[in-house]
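Dear colleague,

Please find below the structure that I am handing over to you, followed by an account of what was found in it. I would be grateful if you would read the two together.

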Amino acid sequence: MTASESSYRAFLDSRSHEGLRRSLLAVASRDARIIGAEGRSYVNFSSNDYLGLRFNDTLISRAIDWAEAYGVGAGASRLVTGNLDLFGPIESKLARLKGKQAALVLASGFQTNAAVLPALFDRSVLGAEPLVFADRLNHASMHFGCQAAGVRQVRYRHGDAAHLGELLSQYQDDGRPKFILTESVFSMDGDVAPLAEIAALAREHEGCLIVDDAHATGILGEGGAGLSGEADMVIGTFSKALGSFGGYVAGSETLRDYLINKCAGLIYSTALPPPVLGAIDAALDLVSGMDQERAYVARLAERFRIGAGGMGLSTGASATQIVPVILGSAEAATAMSGQLRQAGLWATSIRPPTVPAGTARLRLTFTAAHQESDVDRLLEALSTEGAPRQARAV
Ligand SMILES: Cc1ncc(COP(=O)(O)O)c(C=O)c1O
């Protein structure tokens with residue numbers, strides 16, 4: 001074993017010791033509601049496919065059609081020969097959905113944050129290191145982008161516009177360019193940022209507001225537009241409610257042109273493959289007409305919150321389709337996840353460092369593919385007296 005491998009082994013051992021070791025488990029999904037693993041079936045309460053579009057016939061057939069017509073790969077970066085004529089109409093539809101002048105499709109949502117933020121924060125272009133005000137619970141990909149940019153984040157308390165205001169005031173005579181970075185719906189808490197207040201602060205302090213709308217696009221907002229309307233720039237993904245894969249940024253024409261010239265993750269990475277573009281294109285056609293599904297998912301999540309609250313479980317400040325059950329220790333979260341697994345319900349535990357220490361949880365998600373009886377089964381399994389110990393047929 002090399003010296004570096006011994007260090008990696010020691011890291012893994014310490015993760016095991018703390019009950020925080022991660023591993024990959026092979027699963028089989030044949031529809032949006034059920035997940036299979038180790039020969040058994042479970043109702044899936046951990047998927048981000050909020051509208052059930054992953055298995056939608058229109059998305060699947062357009063993916064197949066575009067694979068047959070254009071091949072399964074783009075062949076090159078968009079700057080070389082990969083900028084297929086399929087991108088233009090998709091980016092126009094996306095810009096319309098987000099209410100922005102322009103949009104640009106990149107690889108994954110993670111790559112979009114990891115690559116776009118360093119381009120935006122480039123001090124050789126801005127003339128100074130920017131001041132980046134960031135919500136403390138922003139997604140790992142946003143932290144990664146800030147780290148890659150080499151900027152120090154000024155972190156404000158989670159969802160606390162007053163604290164953000166204080167910090168902005170402390171820097172009000174600082175002439176460096178200011179950015180505010182937040183998610184709209186927080187991925188692990190399902191709560192919503194006070195975006196109107198944050199946008200007002202951005203205007204007052206002449207900062208640029210960047211909103212990651214990953215968990216709102218498609219499932220919240222008018223016509224599924226998400227909640228990023230007041231943002232100067234929106235970052236997002238097609239991998240959650242829109243059912244497939246890929247990341248994007250939306251904003252001004254200048255922003256788009258700048259990123260085409262500066263964003264390494266666009267310039268040096270192969271364009272998304274045509275079947276994925278087909279699925280994205282179909283999702284963008286369908287999403288505005290899915291009000292019924294959005295209302296249904298909201299009702300399911302509310303039904304669960306009311307039931308869980310009645311049992312004394314903490315669902316934090318969740319107000320969306322993402323509902324955490326906050327249990328505290330990693331051991332408690334893992335045990336509860338295992339108990340639900342025995343009852344035929346799939347609810348992955350989320351532990352530090354993904355969430356702050358002492359707030360390990362089940363992160364439950366409700367989707368258009370669920371039945372109301374699934375929610376009731378989940379509540380029954382969570383109630384200590386009623387926790388079924390035997391697996392049930394799904
Ligand atoms: C807020 C947020 N941004 C970005 C991402 C990354 O998106 P993707 O899964 O498309 O890489 C996620 C996904 O977990 C997320 O929750």
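The model is a predicted one. Strands E7 and E8 (residues 208-212) run parallel and are joined by five bridges. Between them the chain passes through helix H9 (residues 195-204), and this β-α-β crossover is right-handed. E7 also pairs with strand E5 (residues 131-135), again in the parallel sense, over four bridges. In that pairing, Phe133 is found opposite Ile180 of E7.

All six of the six residues of E7 (residues 178-183) are buried, so the strand is largely enclosed by the rest of the structure. In a regular strand, side chains alternate between the two faces of the sheet. Here both faces are covered: Lys178, Ile180 and Thr182 are buried on one side, and Phe179, Leu181 and Glu183 on the other.

Helices H5 (109-120) and H14 (330-342) and strands E9 (233-237) and E13 (349-350) each supply at least two lining residues. By class, this lining comprises 13 nonpolar, 22 polar and ten charged residues.

The second largest pocket holds about 320 Å³ of space. Among its 17 lining residues, Leu137, Asn138, His139, Ala140 and Thr354 are the closest to the centre. Its lining has eight nonpolar, five polar and four charged residues.

With kind regards

Terms used:
Residues numbered from 1 in each chain as written. Predicted model: local features only at pLDDT ≥ 70, side-chain atom pairs only at ≥ 80, totals over all residues. Heavy atoms only, no water. Buried < 20%, exposed > 50% of the residue type's maximum accessible area, 1.4 Å probe, protein only. Pairing = 2+ DSSP bridges. Right-handed = clockwise from strand over helix to strand, strands pointing away. Nonpolar A, V, L, I, M, F, W, Y, C, P; charged D, E, K, R; others polar. 1 Å grid on protein atoms, 1.4 Å probe; cavity = no way out; pocket = protein on both sides within 12 Å on 5 of 7 lines; lining within 4 Å. Points joined across faces, edges and corners; volume = space filled by probe spheres on them.
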